[in-house]
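Me: I am new to this structure and would like to learn how to read it. Could we take the features in turn?

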Amino acid sequence: MGKKKSIPDYLKNSLSGVEIGGSLGVDDTEYVTVPKGSLNIKKGKTTVEGGVSKPYSKFDKENINSEVSLGISREFENESGGVSLIGSKSGKDKSATFSFSKKFSDGGEARGTGAAIKGKGFKGVF
């Protein structure tokens, strides 16, 4: 039997509540094959995502630019929206996108006619 390894306490505390996800895939067309991968790490209301892809030409050995992307997003309190910043680079082309969302609650007061309420001394809904 192998020796059991334990995770140090400081690492357990750092990783508590962390979600890690990702994907690996290949897009294959008539002209090009594109292996790609992504990784995302979420802790609390903050998410960091990254991805990379490297196209390969099936016909000529011409260099096709890799694409690299990185993004960070943060949710507001009470899930009322959030902000994100995403950047990508492919060859000399670069892009950056800042996005935000805000959810507004409907709110308001609920009032009734009082017709369904029975009782002594009832004077209606104010």
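Me: How many of the residues count as buried?

Reply: Buried means under 20% relative accessible area, exposed over 50%, and partly exposed in between, with a 1.4 Å probe and protein chains only. Here 11% of the 126 residues of the chain are buried. This is a predicted model, where local features need pLDDT of at least 70 and side-chain atom pairs count only at pLDDT 80 or more, while totals for chains, interfaces and linings use all residues. Residues are numbered from 1 along each chain as its sequence is written, and side-chain values use heavy atoms, with hydrogens and water left out.

Me: How many helices and strands are there in the chain?

Reply: Helices (H or I, at least four residues) and strands (E, at least two) are DSSP runs, numbered from the N terminus. This chain has one helix and seven strands, in the order α-β-β-β-β-β-β-β along the sequence.

Me: What share of contacts joins residues at least 24 apart?

Reply: A contact means heavy atoms within 4.5 Å. Taking contacts in the chain between residues at least 6 apart in sequence, 24% join residues at least 24 apart.

Me: Which residues form the nonpolar patch on the surface?

Reply: A patch takes residues with over 30% relative accessible area and no salt bridge; nonpolar side chains (Val, Leu, Ile, Met, Phe, Trp, Tyr) are joined within 5 Å, like charges within 9 Å. A salt bridge is a side-chain nitrogen of Lys or Arg within 4 Å of a carboxyl oxygen of Asp or Glu. Accessible areas come from the Shrake-Rupley method with a 1.4 Å probe, and for residues only the protein chains shown count as cover. The patch here consists of Val48, Leu70, Ile72, Leu85, Phe98 and Phe100, with about 640 Å² of accessible area together. Strands β5 (67-75) and β7 (93-102) each give two or more residues to it. Phe98 lies in β7 and is exposed, with a relative accessible area of 55%.

Me: How many aromatic pairs are found?

Reply: Rings of Phe, Tyr and Trp (its six-membered ring) pair if their centres lie within 6.5 Å; planes under 30 degrees apart count as stacked, over 60 as edge-to-face and the rest as tilted. The whole structure holds two such pairs. The ring centres of Tyr31 and Phe59 are 5.8 Å apart with planes at 55°, so that pair is tilted. Tyr31 and Phe59 are both exposed. For Phe98 and Phe100 the centres are 6.5 Å apart and the planes at 35°, so this pair is tilted.
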